[in-house]
Amino acid sequence: MTKYLLKRLFWMIPLLVGISLISFLIMHLAPGDITASEASFNPKASEESRQKLREIYNLDKPVIVQYGLWLKRMATLDFGTSFATHQRPVFWERKDKDGNVTPGMIQQALPVTLLINVLSLGLIIAIALPLGVISAVTQNQLPDRAITLFVFIGFAIPGFWLALMLMYWTGVAHSWLPISGMHSLNYEKMGWLAQMYDSAKHLALPVFISALSGLAGISLFVRNGMLDVLHQDYITTARAKGLSENTVVYGHALRNALLPLITILGLSIPGLIGGSVIAESIFAIPGMGKLFYDAVLMRDFPVIMGILTIGSALTLVGNLLADVAYAWADPRVRRGVLR
Amino acid sequence: MIQTTKTSTVKRNLLIAALSNPLALSGFIIIATILLLAIFAPLIAPYDPDSIDVKAILLAPSPHHWMGTDGLGRDVFSRMLFGARISLLVGIVAVGIATVIGILLGAISGYYRGWVDIVIMRLVDIMLSIPTFFLILAVIAFLTPSIWNIMIVIGLTSWMGVTRLVRAEFLSLQGREFVLAAQTLGAKDFRLIFTHLLPNSLTPIIVSSVLGVASAVLVESGLSFLGLGVQAPQASWGNILTDGKVYIQFAWWLSLFPGFAILLTVLGYNLLGEGLRDALDPRSK
């Protein structure tokens, strides 16, 4: 197991280098130089101060040196300070000499997005798993048809549109749910139970919206996986030796159908993280997605580069966790028999 | 066996499959209808999509304005028709770009193997580990949003699936008799790739391209909805929806129709893609 883990960790190095290269290339797509963007926040920025900025971002050095410095900053997670929000640090808090702490932007936004994504993953598993199994067991009968229809619509429905409709229906037309933000105004004064209830009400729609396409995809995946497994010989054997249909389906088939699900959940992480832009900006949730969207609108390049890097790193960590979980669940993988 | 019949009749199968598989047929009908509406938009549209009419602001759907009018008094039905052109154009061109890149890289990777294969497959892994929507938004932040930039950006960030697919097909085809025969007869690499291997890998490429258009349409509408896609006054389903967001309390038609159009289009492409896969891929039976 240790050897497998080390091998997987080793393979992350070229990926990280590649990500740094691609983000570096994107940074150099901008026509002109990016100090023009800083200058647009402060029209009084003189040519002299722009020159200083160029020095800070190393724009005056040869490209190769610039890349080396960018790699160094990525490795130390130092993404500098934001253009747009009064020089706040992009990633982590910073103390000045008087001991005042300025919190980092990603530091504050990341837990929110992680919370929403973990809840979405939970919701996806809780709903998609039973749907997929029911669909497979009743193949081509009414429940299967209904679930397949749901899956197709789930794939096709634009999340932002459904978000808007649900927001209008539950928030504006009926005021069942709050329409934006993470907490009510009097959140601080509530007891912990009321706080939980308040958060749940605020997060219900955003979590559902970010889970939507995953719900459809994973249901379909579980259905097809179950169908594959149900046609295998050992299932026939299990039936032949007289086991009840429930034991065959839930004791024998489901376990094996679940294995690839681990990988798929790992692979769905970049989609979830990227999808948080839409859910968070519609519901005004102060997470990574909203932060990223605002940064794109304001061309706040240090924030964009920081989130792009952290988002990719999260994906790599997610994939690593999925692979490790798979190896833990399937001895063939960790002993190197498969793959 | 099954595989030999598959190779010789791909083209005929494709037509038959599209017409005989109920999923594919319904998807085909939906898409054909929307495509025709988009192509003949200038003939069908009752009004100029951009003409502002201050006397007809926010009118509910009626025989005069089938889908009502927006905040500037523009006819929503006409804007929807012209929006269809943009959404479909972006979707199809973006997938075209992705498919061409995917075929080239996948073919090189699967045919030459060795270190080129390793490099290309690492590149695929790298691209897949950057959250796609973040990547697209980041590129757009550095460029200016326009429909051409959006097509290129979506295309450049969605070729990875096709690459893996083509590579896998090439790997499985190599060593088959007809490939060996062509090699024995002295066919050059180029000829082998484009006239022997590629035509026999077409089925999964077509299926994945059709499904790709569905997701490209969704991405484009999402970008336009966020104000980072197709820019006003040019109509796209996404930005009609954004305009409608402000009026959602008293003009439901502005939000309902564009969302429904996106849903129907994506559904159509998904049905066609899945239907073709069912009909053409012997493994899915």
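Tutor: Happy to! Let's begin with the residues that line the second largest pocket: 7 are nonpolar, 5 are polar and 2 are charged. Please keep in mind that the model is predicted. This pocket has a volume of about 400 Å³. Its lining is made up of 14 residues. To find the middle of the pocket, look for A:Phe221, A:Gly225, A:Asp228, A:Pro260 and A:Tyr326, which lie nearest its centre. Two helices of chain A, helix 8 (192-230) and helix 10 (245-267), each supply at least two residues of the lining.

Now for another part of chain A, a pair of helices. Helix 7 (residues 159-173) of chain A packs with helix 11 (residues 269-283) of chain A at an angle of about 25°, and their axes are 10 Å apart. Because angles under 35 degrees count as roughly parallel, helix 7 of chain A is roughly parallel to helix 11 of chain A. Their crossing is right-handed. On the side of helix 7 of chain A, the contact is made by A:Phe160, A:Ala163 and A:Met167, while helix 11 of chain A brings A:Ile278, A:Ile282 and A:Phe283. Sorted by class, this contact has 6 nonpolar residues, with no polar and no charged ones.

Finally, a glance at chain B: it has 14 helices and 0 strands. The C-alpha atoms of chain B fill a box of roughly 75 × 45 × 30 Å, taken along the principal axes.

Conventions
Residues are numbered from 1 along each chain as its sequence is written. Chains are lettered from A and ligands numbered from 1 in the order in which they are written. This is a predicted model: local features need pLDDT of at least 70, side-chain atom pairs count only at pLDDT 80 or more; totals for chains, interfaces and linings use all residues. Side-chain values use heavy atoms; hydrogens and water are left out. Axes are lines fitted to C-alpha atoms, for helices over the stretch in contact, and angles run from 0 to 180 degrees between N-to-C directions. Helices (H or I, at least four residues) and strands (E, at least two) are DSSP runs, numbered from the N terminus. Angles under 35 degrees count as roughly parallel, over 145 as roughly antiparallel, 65 to 115 as roughly perpendicular and the rest as oblique. A crossing is left-handed if the near helix is turned anticlockwise from the far one by less than a right angle, and right-handed if clockwise. Contact means heavy atoms within 4.5 Å. Ala, Val, Leu, Ile, Met, Phe, Trp, Tyr, Cys and Pro count as nonpolar, Asp, Glu, Lys and Arg as charged, and the others, Gly among them, as polar. On a 1 Å grid over the protein atoms alone, a cavity is a set of points where a 1.4 Å probe fits but cannot get out, and a pocket is an open set with protein on both sides within 12 Å along at least five of seven lines; lining residues have an atom within 4 Å of a point. Grid points are joined across faces, edges and corners, and a volume is the space filled by probe spheres set on the points.
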